[in-house]
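Dear colleague,

Please find below the structure I promised to hand over. My notes on what was found in it follow directly after it.

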Amino acid sequence: APVATKAAGAVPLEEDEQAAFISYLHRLPEPWCDTYFAVPNDGRRGWNAQRLFKKLGGRRGVPDLVIPIPVKPYHGLYIEFKRTKGSVTTDEQNWWKARLQAQGYKAEICKGTAEAILLLDTYRNGSGLRWL
């Protein structure tokens, strides 16, 4: 069977943008290359799985990726990935961004890998790591 390929000029999916960002993280020195985790919050679940997700504390709109490395003045970095074109930020995602920022985290919504890399590089060049 032929292998499906993306059409030329197609806008990458959010998961493709996030995967490319993870590849970038893996090229960085410690602790950046291994101190992160994804939040399995994509919402593509059957009814029973969605019910269990909520029962176990899953919340809609939580950012896709957490980098729990504090860089003054922030406690850590949260990134919500979006496609470079055609994506919409939900009310829940905006709520989480504002809530996390109010709690002292850097939380941003990035359209594409390039924006996320710029965000991370700017974050990394902050005024210093608190715990190193």
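In what follows, two residues are in contact when heavy atoms of theirs lie within 4.5 Å. Please bear in mind that this is a predicted model.

Leaving aside neighbours within four places in sequence, Ile 67 is in contact with Phe 21, Leu 25, Trp 32, Thr 35, Tyr 36, Gly 76, Leu 77 and Leu 120. Ile 67 also belongs to the largest nonpolar core, which has 18 residues. Within that core, the members that touch the most others are Phe 21, Leu 25, Trp 32, Ile 67, Ile 79 and Leu 120. Helix H1, strands S2 and S3, and helix H4 each supply at least two residues of this core. There is also a second, separate core of six residues, among them Tyr 78, Trp 96, Leu 100 and Ala 107. As background, nonpolar side chains in soluble globular proteins tend to be buried together.

The sheet comes next. Four strands make up an open sheet in the order S1-S2-S3-S4, with mixed pairing. S1 and strand S4 (106-111) are at the edges with a single partner strand each, so one side of each has no neighbour in the sheet. The pairing of S1 with strand S2 (residues 65-67) is antiparallel and runs over two bridges. In this pairing, Ala 38 is found opposite Leu 65 of S2.

Two helices deserve mention in relation to the sheet. H1 packs on the sheet and touches S1, S2 and strand S3 (77-82), its direction making about 140° with that of S3. Helix H3 (residues 91-102) lies across S3 and S4 and runs at about 145° to S4. Gln 93 is a residue of helix H3. Is Gln 93 buried or exposed? Its relative accessibility is 11%, and a residue under 20% counts as buried, so Gln 93 is buried. Not counting residues up to four places away in sequence, Gln 93 touches Gly 61, Glu 80, Lys 82 and Val 88.

I turn now to the aromatic rings. A pair of aromatic rings is described by the distance of the centres and the angle of the planes. Pairs are counted where ring centres lie within 6.5 Å, and by this rule there are six aromatic pairs. One of them joins Phe 21 and Tyr 24: the centres are 6.5 Å apart and the planes stand at 35°, so the pair is tilted. These two residues are three apart in helix H1 (residues 14-26), and are therefore separated by about one helical turn. Phe 21 is buried at 0% relative accessibility, and Tyr 24 is buried at 15%.

Trp 32 and Tyr 123 form an edge-to-face pair, with 6.2 Å from centre to centre and 90° between the planes. This pair links distant parts of the chain, 91 residues apart: Trp 32 lies in the loop between H1 and strand S1 (37-38), while Tyr 123 lies in helix H4 (residues 113-124). Trp 32 is buried, with a relative accessible area of 5%, and Tyr 123 is buried at 4%.

Finally, the cysteines. How many disulfides does a search of the whole structure find? The search finds zero. Cys 33 is buried at 18% relative accessibility, and Cys 110 is buried with a relative accessible area of 3%.

With kind regards

Conventions: Residues numbered from 1 in each chain as written. Predicted model: local features only at pLDDT ≥ 70, side-chain atom pairs only at ≥ 80, totals over all residues. Heavy atoms only, no water. Phe/Tyr/Trp six-rings, centres within 6.5 Å; stacked < 30°, edge-to-face > 60°. Buried < 20%, exposed > 50% of the residue type's maximum accessible area, 1.4 Å probe, protein only. Disulfide = S-S within 2.5 Å. Pairing = 2+ DSSP bridges. Axes fitted to C-alpha atoms, helices over the stretch in contact; angles between N-to-C directions. Core = buried A, V, L, I, M, F, W, Y, C linked by side-chain atoms within 4.5 Å.
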